[in-house]
Amino acid sequence: MTQPASRPPLTVLLASPRGFCAGVDRAIQIVERAIGKYGAPVYVRHEIVHNRHVVERLKALGAVFVEELSECPPDRPVVFSAHGVPKSVPAEAKARRMLYLDATCPLVSKVHVEAGRHFEAGREIVLIGHAGHPEVVGTMGQLPEGAVTLVETVADAEAFEPADPANVAFVTQTTLSVDDTADIVAALRARFPAIAAPHKEDICYATTNRQDAVKTAAARSEVLLVLGSANSSNSVRLAEVGRRAGARAYLIDDADGLDLAWLDGVRTVGVTAGASAPEVLVQGVIERLGDRFAVTVEEIDAAHETVSFKLPRALMG
C-alpha cells in the first residue's frame, strides 16, 4: 500500500512482558489437545479465559462454552476454566461419571490450598477480590458458606468485624491491582496486626510484571492502549494502572476498537495486552497505527518470564 509522505511520527512504546501468561497458555492448550484427542465437541464450563478472540477461535475448533455442568451431556469431555471452580463442580462431574479436565491456573490452585489450610487452622478468612468474578466464586466455593468474607475496598477492610480479631487470615484474587491491594492489606494489618498472610504474594507474577511494564510505558506516553476484553480483570487493571501513571488509557478488544481521534496531536503511545490477549491483536494495532503514522516501535522490558506449567497427564503423549 502506498503511504502518504506526510504521515506524522509516532513512537510506540511496547510494554514487555504483555499478553499470554503461563496459566492462560496452559488452559488454551488443554482445550485444543482435548479436541484433538477426543474429537468435537468438547464442552468448556465458563469462558476458558476472558478474551473474545480466544473463545471464538476455540469455538471454531469444536469447543462448546456453557455456564453450568447441567448444560453438558455426560458422554462428552468438559474442561473447567483457568479461573477455577467451586468444589461442588468436580463433585457433580464425578457423580455424573463425566470425563473432566481441570484447566485451573496452578497459581489460583495455590490460593485454594492456602485458604483450606487457614480454615483447617480455625482462622477466619478474608478474600480480597471482586464480587462475582469466577475466580472469586471458585475460591469462596472451596470452603463452607460463611467461612470466607469478601473484601473489595479499604472501606470494606475497615468495616470487617471477625469473631476473633487475633485469629484472621487473608488471601487474594490473583489478577488484582498490586497498588490497590497493598492499600487494603495495609488497612487489614493496621486493624489486625497478627493477621496471617500468604507465604508468597497471591497476586500472580504475570499480573505484577504486566502492571510494572505498564507503569514504565505509561509514564512516558500520552495515550496507553490495552488489548483485552472488558470482562478480563487483569486487562481492566492494566488500564487503571496506566491512568494512575498519567496516561489516557483505553481498553480495546482489537484494532477495530481503536479510535484514531484519540491520537490527534499525540507523539508517544504505549501498547500492552492483558494476560488473556493473543499477541496477534497487538500486531494488528501496530499495523493500523502504521496506516496513519510513521511508527517507531520501542520495546519496554520490565521482566523476563520463564514460567511454564505442565498439562494434565490425560493429555500427555
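Two strands count as paired if DSSP finds at least two bridges between them. In this predicted model, three strands pair up into an open sheet, in the order β7-β6-β8, and the pairing is parallel. The edges are taken by β7 (148-151) and β8 (168-172), each of which pairs on one side only. Ignoring direction, neighbouring strands of the sheet are turned by 30 degrees against each other on average.

Looking at one pair in more detail, β6 (residues 124-128) runs parallel to β8 and is joined to β8 by five bridges. Another is α7 (residues 178-191), which touches β6, β7 and β8, with its direction at about 155 degrees to that of β6.

The largest nonpolar core has 29 residues, and Val31, Ile48, Leu58 and Val79 have the most contacts inside it. At least two residues of this core come from each of α1 (22-38), β2 (42-45), α2 (52-61), β3 (63-66) and α4 (106-120). The largest share, seven residues, is supplied by α1.

Leaving aside residues up to four places away in sequence, Ile48 touches Val31, Leu58 and Val79, and its other contacts include Ala27, Ile28, Val54, Phe65, Phe80, His83 and Ala103.

Technical notes:
Residues are numbered from 1 along each chain as its sequence is written. This is a predicted model: local features need pLDDT of at least 70, side-chain atom pairs count only at pLDDT 80 or more; totals for chains, interfaces and linings use all residues. Side-chain values use heavy atoms; hydrogens and water are left out. A nonpolar core is a set of buried Ala, Val, Leu, Ile, Met, Phe, Trp, Tyr and Cys residues joined through side-chain atoms within 4.5 Å. Buried means under 20% relative accessible area, exposed over 50%, partly exposed in between (1.4 Å probe, protein chains only). Helices (H or I, at least four residues) and strands (E, at least two) are DSSP runs, numbered from the N terminus. Contact means heavy atoms within 4.5 Å. Axes are lines fitted to C-alpha atoms, for helices over the stretch in contact, and angles run from 0 to 180 degrees between N-to-C directions.
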